[in-house]
Amino acid sequence: MADWNDVMAVGSAHDEFLGGEQVGERVRGPILASWQRCRMLGIAADHVEVLYHDDLDFSGPLVQLARPILDELGSTISGIRASAVLCDESARVLDRRVGEPSLNSSLDRLRLAPGFGFAEEFTGTNGMGTALAERKPAFVHGREHFADAMRLLACAAAPIRDPLSGQVLGALDLTCFERDADPAMLPLVREAAREIERALLDRTQARERALYRTFLGSRGRSGPLRPATGAGDGLSPRDRLALQERAAELISAGRTAITEIRLSGGGTAVLLAHAINASPAGPDRTSSPDRTGSTSSTSSGTGVVVEVALPGGTLRHVATDTADGGPVRTDAPRADTLRTDTPGRGRTDGAGGPDRTTATALILPGGVTHSRPAPVPESVTPPTPVTPPTPVTPPVTALTPVPAALPVAAPAAPAASGPAGFSAATAEELTAAMDKCLLAVGDSGVSSIALLARRRLGLLAEAGVAIGTTLDVTRTAEELTEVAVRGLADYVTVDLPEAVLSGDEPIRTEDGLHRVAVGGIRPDSPLFGIGDVMHYVPSTPQARSLATGDAVLEPVLAASGWLEQDPARGGEVLRHGIHSLITVPLVARGTILGVVGFYRSERPEPFEDDDLSLAGELARRAATCIDNARLYTREHTMALALQRSLLPHSLPPQNAVDAAYRYLPAHSGAGGDWFDVIPLSGARVALAVGDVVGHGVHAAAAMGRLRTAIHNFSALDLSVDEVLTQLDDLVAQLDMNADPGGTGDGTVGATCLYTVYDPVTRVCTFARAGHPPPALVQPDGTVEFLDLPGGQMLGLGGGLPFEAVDVEVPEGTQLVLYTDGLVEQRDRDIDVGLDLLRRTLTVPPDGPEVPPRSQPRSGDRTPEETCRTPEETCQAVLGAMLPDRPCDDIALLVARTRALGADQAAHWELPSDPAAVSRVRTAVTECLDRWGLPELAFVTELIASELVTNAIRYGGDPIGLRLLRDRTLICEVSDGSSTSPRMRRARTTDEGGRGLFLVAQLARRWGTRYTPTGKVIWTEQPLG
């Protein structure tokens, strides 16, 4: 026994537990859970009452089947102070064997004798009671017993299950004194319990063999038992499976009936089911006990035989009437919607409506018509028989029951007429009229169990398809409730911690669970609703499932600790009819993610062990899907957080354009879309929009690298085509690094649109690399998509150059830059998206239709007011083009151009003459006086004279000087040389080399940019 050392190490843990102390890991999980149940039920350890039950049947079916195994077990323990005890499903002792006769007196004093009950809810933790409560083998040693009187014993018990239905019929227990306990007790009792279960299965098979013999005898046949041939010869596998399934339904119904099945080839097969009595002699007549020890209606040797008449037989269906005389609708439910519900359970037909019993007219050879009216309850006067209408062939035939079971072997009797049903002669005539063969024979109880098992397998198959269709945690929980309500429970709830909803692993479920899904047969459930936070008290089944990681079955909800959660609401739930509960923890990769509650109300029978297994399997599948969705949520959240941290949080201050932007991540995950507004020297501004291939963290990281690189390249004042060339080299290098083999197949790629706007010249310079073209919205509202050279995607290599295009734009023009996610969707071609974008950007003559702002009349509006603002353009574009579930990221950047006026710029052309330096000082001083900046005159004179002197000495014609008054005072000196000056540290003996040093000390920033005709040295000074 694997945990035998744990069994022997309990010590004083029981007394500490009763004192309210934590016993930790010193007590095994099943024992601790049993102790908690006992404490919750108020059982006193120093006094338990063992009750005697005088209504037990000590010679019942279970005792008869188990007696040989008990005798064999008694022989095994002969000479040992141990006993073998058989009990029923309520832990009431049915039989006992002892190894030594002297042990009888000790067991009698403890009342461990036939007739006494040891259910856990009355006697506390013990072998039989705990094994039945846990529904699995249990070993209880010494002080692990909850009751003090039983601490001298050691018990090993295993439940006994019906091998077909899975119901627990009882338990087998081995008991000895504590000092005589041995680890081999539990394997021994397990094997003995399995022997009893095998005997139950053999009894069922023997009964079905007897039914088959009886059927052969009734047909005058003999020979070895083998499957009948002919039932399905020449049929497709689909038709053969349909016949077998219908035969199982007819057998499980346990009634004589006739029905038709449409075959795939167009023909119709007729199935005839009738009762048959097996031989009453021999062991086959042993009945199958149910949970209460009673016997099923068909276990006394009565079964059902199903025969089939394939197409071409002489029996054909003519017409079908309802019991009230009206014709059956041709769109009536198919016969394969047969329900085998027990009487009085609110049966419905396949369409969900009230069950309507039908009467069918059949034509036999010779033209004799036999009408089968609907069966009438004994307390109701039979109606007048209905005359069948003109024979037609409806597409389906409802199952037609016969009130009385008719033994096939009975001699033919004169036909009886009237509403009572078929006579024996009628059945024999039908049997003789059919070209038929045997399809199936069996016990209705066994077939019902098989049908139930098949439906449960079907539910599991449905769950595999219906649960986990998305990577959304909440939706997955809702799918679990939808599937379970259809086939297992009447109400289902799913509770998850907040951490799971946000993608993290739950650390403490004690902090409360959020109810994320509730499903039921009716919407007026009194259970807690979605959004409620659940703090389960320790006595509830949910808390026990969360603490132990095991499913908990509460057959009778009113007798469980579930009511302690909320007595008032609990009473309302019970009044609503909810009476049974299964709680199952959602466990994935060893982590408890939450708990599911399955409630039953409409069906009167409580949940059983098979339901517990089915609920556990549904929860396991759902837990895996929820965990996958949680992991996806975590990665999605991380990617979004990374991407948002790498994107601009606000636009930098500059005066060249008014800009607005929008970024929306894809529903499936963050991607690599990005945008940027970068102030440049000379009051210019750079606008960039790009898209990295792929989604997720890797795409976001690559986007961050590209954005950093484009900032650096822009700071070097490179031309737009050179910036893309440098980015292309960088992406190609990233591609090589992403592929360890160095083949360049790392799938890193990107598109980019890069433009620079100069507010002095009002010229935009564009270049793009595989990116959608920009849109220009003119001040008059017209829209134009620029026809720019496309260029290849970044990272493809090939050495192809990028081409720059200069476009002069009027002041107030809007530049609209975007990624392909805006104009291209799975259900929308990019050309359609571009046309929709054009229509959206086009401003009507009277101005934009933007409801949030009150607008003056069109005649009172300035040209700038006639166009939308960049914010309004973003709002209009997304309002018209944003899909409900974007499949790709969307980045949108809108910039409205401004221009520097003539009063903000001054320019001088200078000769290559040192004497011009003095005139430069004078011109600078006069200009700054006009601009109201006399305090900057001295420093600006010095900077301008130094830069002009360097241009005259080291540069070439033409030489120019420009002053710009923007957010800063900008001084630019241009010349025809492409040689960049370099600042160096001058030695004390050097006569020159200090000019650029002085410029760097006096200016806030300075730098060099190259032009097609040379270079420009620029400086910036603060205005304040």
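Author: This is a predicted model. In the loop between α17 (697–715) and α18 (720–738) sits D717. D717 is not a glycine, yet its phi is positive, about 55°. Most residues other than glycine have a negative phi. D717 has 10% relative accessibility, so it counts as buried, the cut-off being under 20%.

Now the helix: α23, residues 916–930. It has 15 residues, and at 1.5 Å a residue they should span 21 Å. The C-alpha atoms at its ends are 21 Å apart, which agrees.

Which residues of α23 are buried? They are A916, V917, V920, A923, V924, C927 and L928. These cover an arc of only 130° around the axis, so they lie on the same side of α23. An α-helix has 3.6 residues a turn, so residues three or four places apart point the same way.

What do the buried residues of α23 pack against? Their partners are β30 (905–910), α24 (937–954), β31 (959–965) and β32 (968–975).

After α23 comes G932. Its phi is positive, near 75°.

P958 lies in the loop between α24 and β31. The peptide bond from D957 to P958 is cis, with omega near -5°. Most peptide bonds are trans.

Further along is a nonpolar surface patch of about 330 Å². M983, F997, L998 and L1002 make it. L998 belongs to helix α25 (residues 995–1002). L998 has 36% relative accessibility, so it counts as partly exposed.

Note on methods: Residues numbered from 1 in each chain as written. Predicted model: local features only at pLDDT ≥ 70, side-chain atom pairs only at ≥ 80, totals over all residues. Heavy atoms only, no water. Patch = residues over 30% accessible without salt bridge, like charges linked within 9 Å, V, L, I, M, F, W, Y side chains within 5 Å. Areas by Shrake-Rupley, 256 points an atom, 1.4 Å probe, with all protein chains shown as cover. Salt bridge = Lys/Arg side-chain N within 4 Å of Asp/Glu carboxyl O. Helix = DSSP H or I, 4+ residues; strand = E, 2+ residues; numbered from the N terminus. Buried < 20%, exposed > 50% of the residue type's maximum accessible area, 1.4 Å probe, protein only. Expected span 1.5 Å × (residues − 1). Arc of directions from axis to C-beta. Contact = heavy atoms within 4.5 Å.
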